Amino acid sequence: KDNAKNEDATMENLRNAPSEFVQPGKERIVGWWLLATAGSVFLMVGIGGYTRLSKSGLSMTRWKPIGYRYPPNDEVWQEEFDNYKNTPEYQIANKQMNLEEFKFIFFVEYFHRFWGNCIGGIYTLPFLYFWARGYLKPKLRNRCLGLFGLGLSQ
């Protein structure tokens, strides 16, 4: 019974202790943001693994991280496939591939890039809001800036 009282007192002290990372009263919303970011990165690891296992990773021949549109019609699909045919991956490993098979691996890589852009929004927009509103104390803000820099390097 004494252990239960001690645990309750410890939890109460933790709840009432001033946070060195977040302004008081904002712990929950900032915590949910960090959890959502971590979950989206965890999901990206799975998507990236599938991209690698399905050998889809080099199907998009142009590196344009933002604004790259999914092919809207057969003409654009054929153009993408023709560009892919000029890559060593196609010439060495996938010479037998047809347009329909290419569409599948292209989708996998496209979704992988799309999800990366989503993570950028999931992380950056709330971060800027929390920073502007003063929710993040310097200790957490500086760490989040470091993570932002790592994200940009991707």
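In the predicted model, the side chains of E100 and K103 meet in a salt bridge, with an N to O distance of 3.5 Å. Both residues belong to helix 5 (residues 99-133), where a spacing of three residues separates E100 and K103 by about one helical turn. The two partners fall into separate accessibility classes: E100 is exposed, at 54% relative accessible area, whereas K103 counts as buried, at 19%.

A search of the whole structure finds four salt bridges. Among them is a pair formed by R113 and E109, whose closest N and O atoms are 3.1 Å apart. R113 and E109 also lie in helix 5, four residues apart, or about one turn of the helix. R113 is buried, with a relative accessible area of 14%, and E109 is likewise buried, at 6%.

A further salt bridge joins K139 to E20, with 2.4 Å between the closest N and O atoms. K139 lies in helix 6 (residues 138-153), while E20 lies in the loop between helix 1 (2-16) and helix 2 (27-53), so this pair ties together parts that are 119 residues apart in sequence. K139 is partly exposed, at 36% relative accessibility, and E20 is partly exposed as well, with a value of 48%.

The count of disulfides is zero. A disulfide requires cysteine sulfur atoms within 2.5 Å. The cysteine sulfur closest to that of C118 is in C144, at 20 Å, which is too far for a bond. For C144, the closest cysteine sulfur is in turn that of C118. C118 counts as partly exposed, at 23% relative accessibility, whereas C144 counts as buried, at 2%.

Definitions and conventions:
Residues are numbered from 1 along each chain as its sequence is written. This is a predicted model: local features need pLDDT of at least 70, side-chain atom pairs count only at pLDDT 80 or more; totals for chains, interfaces and linings use all residues. Side-chain values use heavy atoms; hydrogens and water are left out. Buried means under 20% relative accessible area, exposed over 50%, partly exposed in between (1.4 Å probe, protein chains only). Helices (H or I, at least four residues) and strands (E, at least two) are DSSP runs, numbered from the N terminus.
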